[in-house]
Amino acid sequence: MALAVGAMVGFAAPAAVAGGPPGGGGGPTNVEVDPYAVHRGATLRITARGCHNGGRVSSNAFDEVHLSSGDVNYATARIHDSTSPGSYSLAVKCNDNDRVATRSFRVLEGRGADGGLGGAAGPTNTEMAVGGTLAGTAAIGGALFIAHRRRQGVRV
């Protein structure tokens, strides 16, 4: 029995040391970017571990952003509209130590598709004219219907 307890303690000690001190201090690890390839003006989500007290993320492609604190750290960065297409790196640094982790990502040509109703293009002049005519016709029809109903009410 004593041998089994000694073996368990012996195996547990290296695992505790490899994980670093409790509460962080080990530096940023498992840095990921989503998406890897992003258009100018779009946002990039950065995820890391090991920055229990938060941290900072910097790159030439976006303004410095702050990582959330906790077991998993998050930040969102908006790529500058003027960023040239190509490969870029970002650096993650925790607030509680000097270690830095890097990750690469790619900025794509163009700005991508506009989101929202109808995609990238608004309504044409013809579509606006047809819509306006339909709305006007509905308003006139509704007014005539109400006027007709009132006249019938007076006769009864």
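This is a predicted model: local features need pLDDT of at least 70, side-chain atom pairs count only at pLDDT 80 or more; totals for chains, interfaces and linings use all residues.

Me: How many bridges join E3 to E6?

Reply: Seven, and the two strands run antiparallel. To find your place there, look for Thr-47, which stands opposite Tyr-74 in E6.

Me: OK, and what do E7 and E8 form?

Reply: A hairpin, with five residues between the two strands. E7 and strand E8 (residues 100-108) are antiparallel and joined by eight bridges.

Me: Which strand pairs with strand E4 (residues 55-59)?

Reply: Strand E7 (residues 86-94), again in the antiparallel sense, over five bridges. Here Ser-59 stands opposite Leu-90 in E7.

Me: Now the cysteines. How do I spot a disulfide, and which residues form one?

Reply: Check the distance between the sulfur atoms: a pair within 2.5 Å counts. By that rule there is one disulfide here. Cys-51 and Cys-94 form it, with their sulfur atoms 1.9 Å apart. The angle about the S-S bond is -70 degrees, which makes the link of Cys-51 and Cys-94 left-handed.

Me: What does the pair tie together?

Reply: Cys-51 is in the loop between strand E3 (43-49) and E4, while Cys-94 is in strand E7, so the link ties together parts 43 residues apart in sequence.

Me: Are Cys-51 and Cys-94 buried or exposed?

Reply: Both Cys-51 and Cys-94 are buried.

Me: Last one: how should I think about the core, and which residues have the most contacts inside the largest nonpolar core?

Reply: The general idea is that nonpolar side chains tend to be buried together in soluble globular proteins. In this model, the largest nonpolar core has 22 residues, and Val-57, Phe-62, Leu-90, Val-92 and Phe-105 have the most contacts inside it. At least two residues of this core come from each of E1, E3, strand E5 (62-67), E6, E7 and E8.

Me: Which strand gives the most to this core?

Reply: E7, with four residues.

Notes: Residues are numbered from 1 along each chain as its sequence is written. Side-chain values use heavy atoms; hydrogens and water are left out. Two strands pair if DSSP finds at least two bridges between them. Buried means under 20% relative accessible area, exposed over 50%, partly exposed in between (1.4 Å probe, protein chains only). A nonpolar core is a set of buried Ala, Val, Leu, Ile, Met, Phe, Trp, Tyr and Cys residues joined through side-chain atoms within 4.5 Å.
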